[in-house]
Structure formats: C-alpha cells, structure tokens
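Subject: Handing over a structure

Hello,

Here is the structure for you to look at. My notes follow below it.

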Amino acid sequence: MLSFSQGKLVRNGEDKKAVICIEGNIASGKTTCLEYFSKTSNIEVLTEPVSKWRNVRGHNPLGLMYQDPKRWGLTLQTYVQLSMLDRHLSTISAPVRMMERSIFSAKYIFVENLYRSGNMPEVDFAVLSEWFDWITTNISIPVDLIVYLQTSPQTCHERLKQRSREEEKVIPLEYLESIHQLYEDWLIKKSSSPLPAPVLVIPADQDLQEMLHQYKENRDKILTARS
Ligand code: DCP
C-alpha cells in the first residue's frame with residue numbers, strides 16, 4: 001500500500017525490509033549474482049525488466065535505441081524509468097529484496113552516457129531530468145546497499161559477444177568503456193551523482209566458479225544490509 005509521509009509517497013510497513021541493488025556494466029554478470037541469491041530463503045529477487053524493453057505492445061525500444069540512439073534514446077529511457085519506478089514501488093514479499101539495477105543507474109549512467117556522447121538532444125535530456133527529479137523529490141525510493149560488480153570493459157565485451165543478444169551486436173568496446181567510467185565515477189570515486197546507499201564492491205572479472213565463491217564469501221555482509 002502507498003501513502004504520503006512528510007510530503008513523499010511511501011510504501012507502508014516496509015521500513016524494516018532491506019533493498020539491495022546489483023549494479024554493474026552490461027554483461028557484468030548481474031543475472032548470475034541474482035540467480036545465486038534466489039536460492040536463499042527469505043529473499044525476493046527481481047531481475048531487470050529487459051524483456052519489457054524489447055517488447056512494449058509489439059515494439060522494441062531497446063533495439064530501436066541501439067539502431068538510432070538520437071531518435072529513440074528518449075523513448076527507451078522514458079520506458080526504463082517507468083519500469084524501474086514500478087519495480088521500486090511494488091510490494092516487497094520477503095525480508096530482503098534484491099534487484100537488478102535501479103532507477104538511479106538508469107539516469108546517472110545510461111541517460112548521462114547518451115547525453116554526454118552527443119546521442120541525446122539537450123531537450124530530451126532536460127525532459128528526462130525533470131521527470132527524474134520530480135520522482136525522486138516526491139516519492140521515497142529506499143535502497144540499503146548497492147553491490148557493484150566491478151569488471152573491466154574488455155571482460156564485458158567478451159561476455160557480450162558470447163551471449164550474442166540480437167540488439168546488442170552493434171555495441172562496440174568504447175560504449176562499454178564509457179559506461180564503465182560513469183560507474184567508476186559514481187560508485188568508486190563518488191564524484192559525480194549522489195549515492196542512494198553504501199556501496200559494496202565485488203571484483204567480477206573472474207570465471208563463474210570464482211564468482212560463486214565470492215558471492216558465498218560476501219553473503220552475510222550483503223544479506224544483513226540495513227541503512
Ligand atoms: N540498458 C539501457 N538503458 C538502461 C538500462 C539498460 O540501454 N537504463 C540496456 C543495456 C543492455 C540491456 O539494456 O543492452 C540489458 O541490460 P544489462 O546488460 O544490464 O542486463 P543483463 O541481463 O544483460 O545483465 P548481466 O549480463 O550483467 O546479467
């Protein structure tokens with residue numbers, strides 16, 4: 001249930017539940033991390049609504065954005081913002097919620113990247129920023145911990161080629177380098193956009209077995225997160 005508190009729209013009775021956002025570059029291994037934790041009891045795992053971004057009423061804004069970012073960047077990112085907000089506001093069904101990305105990285109990383117690379121007109125960036133500022137001013141979006149899967153852009157590029165998702169075939173290494181730099185500025189240097197929660201960094205260039213080991217090692221630290 002949603003209600004107003006101190007001028008903000010809030011979810012009721014969910015103060016004691018922890019929200020953990022898994023962040024990282026494209027193909028950094030967020031899905032594997034979420035799959036590992038989905039086997040833990042008392043956790044609700046929400047994956048990124050990427051299937052929605054590939055099919056909204058028969059349209060594929062993700063594919064369109066990669067084909068022509070100047071024309072379709074706003075279209076995709078408006079929809080990403082809506083779907084992330086919907087995720088953040090949905091009723092939490094367990095003591096811990098773990099989710100892939102957040103409304104914050106959508107804005108601070110992906111929208112910012114489109115704008116800075118000259119692939120989003122200033123007016124589109126202004127409109128998205130107005131929406132984002134309104135949402136974060138008027139709606140409470142609590143996050144207790146950010147888990148940053150820190151990879152090299154080269155590793156992500158290799159993984160991207162291996163998984164071969166149709167829309168992503170056009171992504172060059174330079175794109176992953178820009179996303180990486182924005183993540184590093186936000187979560188490591190803490191020099192760009194505001195941090196909604198403390199950050200736990202997990203190096204994520206290693207193979208699957210080593211990553212599962214890392215998740216096991218960090219399990220308690222992650223699951224006891226409360227801001
Ligand atoms: N994307 C975007 N804008 C956003 C969020 C995501 O353009 N605000 C794009 C990047 C990818 C696609 O959506 O092409 C899916 O995002 P991820 O690669 O982060 O999701 P994956 O499931 O591929 O992550 P991982 O491989 O880490 O499990």
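Does Asp86 count as buried or exposed? Asp86 counts as exposed, because it has 12 C-beta neighbours inside 10 Å. The cut-offs are these: a residue is buried if 20 or more other C-beta atoms lie within 10 Å of its own, exposed if 12 or fewer, and partly exposed in between, with C-beta atoms placed from the backbone. Asp86 is found in helix α4.

Two points before you go on. This is a predicted model, where local features need pLDDT of at least 70, side-chain atom pairs count only at pLDDT 80 or more, and totals for chains, interfaces and linings use all residues. Residues are numbered from 1 along each chain as its sequence is written.

**Overall**

The chain has 9 helices and 7 strands. Helices (H or I, at least four residues) and strands (E, at least two) are DSSP runs, numbered from the N terminus. The radius of gyration is 17 Å, close to the 17 Å that the globule rule gives for 227 residues, so the chain is as compact as a globular protein of that length. That radius is taken over C-alpha atoms, and the rule is 2.2 Å times the number of residues to the power 0.38. Along the principal axes, the C-alpha atoms fill a box of roughly 45 × 45 × 40 Å. Of the 227 residues, 31% count as buried.

Contacts are next. Two residues are in contact if their C-beta atoms, placed from the backbone, lie within 7 Å. Take the contacts with a separation of 6 or more: 75% of them join residues 24 or more positions apart.

**The sheet**

An open sheet is formed by 5 strands, in the order β4-β5-β3-β6-β7, with parallel pairing. Two strands pair if DSSP finds at least two bridges between them. At the edges are β4 (43-46) and β7, each pairing on one side only. On average, neighbouring strands of this sheet are turned by 20 degrees against each other, direction ignored. That angle is between axes, which are lines fitted to C-alpha atoms (for helices, over the stretch in contact); angles run from 0 to 180 degrees between N-to-C directions.

Start with β3. 7 of the 7 residues of β3 are buried, so this strand is largely enclosed by the rest of the structure. Ala18, Ile20, Ile22 and Gly24 point one way, while Val19, Cys21 and Glu23 point the other way. In a regular strand the side chains alternate between the two faces of the sheet.

β3 joins β5 (residues 96-100) through 5 bridges, in parallel. Ala18 has Val96 as its bridge partner there, and Ile20 has Met98. β3 (residues 18-24) also pairs with β6, again parallel and over 5 bridges. Here Cys21 stands opposite Ile146, and Glu23 has Tyr148 as its bridge partner.

β6 (residues 145-150) is mostly covered, with 5 of its 6 residues buried. Another 5 bridges join β6 to β7 (residues 199-203), and these strands run parallel. Leu149 is partnered with Ile202 in β7.

**The ligand**

Around the ligand there are 14 residues, of which Ile26, Lys30, Thr31, Ala106 and Phe110 are the closest. A residue is near a molecule or strand if its C-beta atom, placed from the backbone, lies within 6 Å of it. Helices α1 (30-38) and α5 (103-116) each supply at least two residues of this shell. By type, the shell has 7 nonpolar, 4 polar and 3 charged residues. Ala, Val, Leu, Ile, Met, Phe, Trp, Tyr, Cys and Pro count as nonpolar, Asp, Glu, Lys and Arg as charged, and the others, Gly among them, as polar.

**Single residues**

Leu74 sits in helix α4 (residues 69-89). Leu74 counts as buried, because it has 21 C-beta neighbours inside 10 Å. Leaving aside neighbours within four places in sequence, Leu74 is in contact with Met120, Asp124 and Leu128.

Arg101 has a positive phi of about 55 degrees, although it is not a glycine. Arg101 lies in the loop between β5 and α5 and counts as buried, with 23 C-beta neighbours inside 10 Å.

Ser164 is not a glycine either, yet has a positive phi of about 50 degrees. Ser164 is in the loop between α7 (153-163) and α8 (173-188). With 8 C-beta neighbours inside 10 Å, Ser164 counts as exposed.

Best wishes
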